[in-house]
Structures are given as C-alpha cells and as structure tokens.
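Have the viewer open and follow along.

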Amino acid sequence: MPSADAGKGAGAAGSGSAPNQDSVRADAAPPGGRTIGGVLATLTPDFPDLTISKIRFLEAEGLVTPYRTGSGYRTYSDRDVDRLRYVLTAQRDRFWPLKVIRDALDAMDRGLTPGEPSAPDARPRVPEPAADPDVPTSDQLAAPPVLRLTSRELREAAGLDRPTLDALETYGLVRADRSGHFDDDALAVARTAASLAAYGVEPRHLRPFRTAADREIGLVQQIVRPARSAAAGRSARGDAGGAEDPTPEVLRLCVALHTALVRSGLHRG
C-alpha cells in the first residue's frame, strides 16, 4: 500500500467504527470527489459490513483506482463509487470470485454494458445496436418523392447559381424528370453540394459519389431480383401473402454499411 495510508489507525479503519485521516481530509478531494470515508458513508446503507479496509483491499486488487492528491490522499469519483457498488453487488448477490469480477469490469471498460441483475447470466454483454439517425429507414427510402421543383426553385432553395446547377446535372448528380422538374432527392443533393462548396468542393469532385451510388444500386438489384421474380410469380398465380419487395431494406443495409465504413476509416485515419 502507498505510504500515505500506512500506519493510520488500521485497527479503527478495519472495524469501520472510527474515521481515519483519509475520511476527515475532505479538503483533499478535488471538485466532485469523495474521500474514502465519504465513499464508506455512501455505500454502507446498502452494504452494512463494508469497511475502509475492504475498500483498500479492492483497490489493491486493481478493481478500483481512485485519484491520488499531491499529498497521497485517495479521492473517489462517482464512477469509482459505481464501480465499487458493482463489485460489492457481484460478491454479495452472485458470489462471483474476484477474477470473474475483474473480467466483467474489463469488459465494461471496453464498452460492454452490465447484464441485467435478474438475468441467468448477469455478465456484461455487447450492447444492442441503436438506430443510427444518419441512416434512413427502409420506409423513408421507399417513400415516393413529393416535390416537383423548377430549376429556379431548386437553385434558390439550395443557394446555388445556374452554372453550378448545370455542372451538377452534367455530372449526373441531379436529374430532372421528363417535365423538367426536380424532386426531393435532387434538392437534398443540391443543398449538400452547396454546403460542400464552402470547402472548395466543386461538382466535378462529386462525380465519384454518383458512380459509387450507381454501383450500390446495381448490386442491390442483383440481390433482390430473385425475390422480386418469386413475388411476381406468386402474384400471377393469385397466391396471397407474398413477401414484400426487399429492395428498401437491402438499400438501408447498404447505406448503413457505407456509413460504418466511412466512420471506421476516419477513426483509423
């Protein structure tokens, strides 16, 4: 044990009946921190047998690492207290040995979430995936366009001049329908292009995005073609309850994969 805690009334600390120098030096704690005596007071209602010696033992085992002040006094953050609570609960309710607890804490440090206390196995688990707000749902991808904008309306809404819009059309990034109108997707592309222009990105720089999107669409069409053909056959035979067109869901998965790969590349870069 570090020298700052050596010889400070170990017998009193072990009984938990009298504070030692760690518990009375509240001024040694940084903002938001607790002394070891404060931690004991916080946890004792739930763990009546807890002592300062037990807290020190868990620290010696590497299960909690409190902050040390310049003079060597322990100060515990809220995270340290939660960690101690987890350890003590696992020992009392699950009878877990320290090795199992240490492995569980390591898993949570790596991003896993604590298991449900009432579950047969309460060990940490990989968190369930959360809906990514940057990835549209399959319903959103399948939704038909609502807008029909003229070229002027599109330019004004996106903040583009005519040459830039013409360039976007030249590189296939926006396309008018047969009547010369632009839809919701064209507006989204035009607005994004306008935002990127502030960073010096020109329409010609965006052409690879069009190429990549077309390749993804081609792949999706290959994937869903058998399912769509089977659905068409069932419809021709009058079979009810045929599967829905999987195209929107496959597209959603492709967009999610693209987003994950971009994030991964940024994090690795």
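Start with helix 3 (residues 36-43) and helix 4 (residues 52-60), which pack at an angle of about 110° with their axes 10 Å apart. Helices here are DSSP runs of H or I with at least four residues, strands are E runs of at least two, and both are numbered from the N terminus. The axes are lines fitted to C-alpha atoms, for helices over the stretch in contact, and the angles run from 0 to 180 degrees between N-to-C directions. That angle makes helix 3 roughly perpendicular to helix 4; the label covers 65 to 115 degrees, while under 35 is roughly parallel, over 145 roughly antiparallel and the rest oblique.

Before going further, keep in mind that this is a predicted model, in which local features need pLDDT of at least 70 and side-chain atom pairs count only at pLDDT 80 or more, whereas totals for chains, interfaces and linings use all residues. Residues are numbered from 1 along each chain as its sequence is written, and side-chain values use heavy atoms, with hydrogens and water left out.

Which residues in helix 3 and helix 4 meet? From helix 3 come Ile36, Val39 and Leu40, and they meet Ile52, Ile55 and Arg56 in helix 4; contact means heavy atoms within 4.5 Å. Sorted by class, this contact has 5 nonpolar, no polar and 1 charged residues. For that sorting, Ala, Val, Leu, Ile, Met, Phe, Trp, Tyr, Cys and Pro count as nonpolar, Asp, Glu, Lys and Arg as charged, and the others, Gly among them, as polar.

Val39 and Ile55 turn up again in the largest nonpolar core, where they are among the residues that touch the most other members, along with Leu43, Leu50, Leu84, Trp96 and Leu105. The core has 25 residues. A nonpolar core is a set of buried Ala, Val, Leu, Ile, Met, Phe, Trp, Tyr and Cys residues joined through side-chain atoms within 4.5 Å, with buried meaning under 20% relative accessible area, exposed over 50% and partly exposed in between (1.4 Å probe, protein chains only). Helix 3, helix 4, helix 5 (78-94) and helix 6 (98-109) each supply at least two residues of this core, and the largest share, 6 residues, comes from helix 5. Click on Leu43: leaving aside neighbours within four places in sequence, Leu43 is in contact with Leu50, Val81, Leu84, Arg85 and Leu88. Apart from this core lies another, of 14 residues, including Leu165, Phe182, Ala190 and Ala193.

Now for the charges. The whole structure holds 15 salt bridges, each a side-chain nitrogen of Lys or Arg within 4 Å of a carboxyl oxygen of Asp or Glu. One of them joins Arg34 to Asp78, with the closest N and O atoms 2.8 Å apart. This pair links distant parts of the chain, 44 residues apart: Arg34 is in the loop between helix 2 (21-24) and helix 3, and Asp78 is in helix 5. Arg34 counts as partly exposed at 25% relative accessibility, and so does Asp78 at 46%.

Contrast that with Arg210 and Asp214, which both lie in helix 11 (residues 207-237), 4 residues apart, about one turn of the helix. Their closest N and O atoms are 3.0 Å apart in a salt bridge. Elsewhere, salt bridges that share partners join Glu59, Arg68 and Arg74 into one network.
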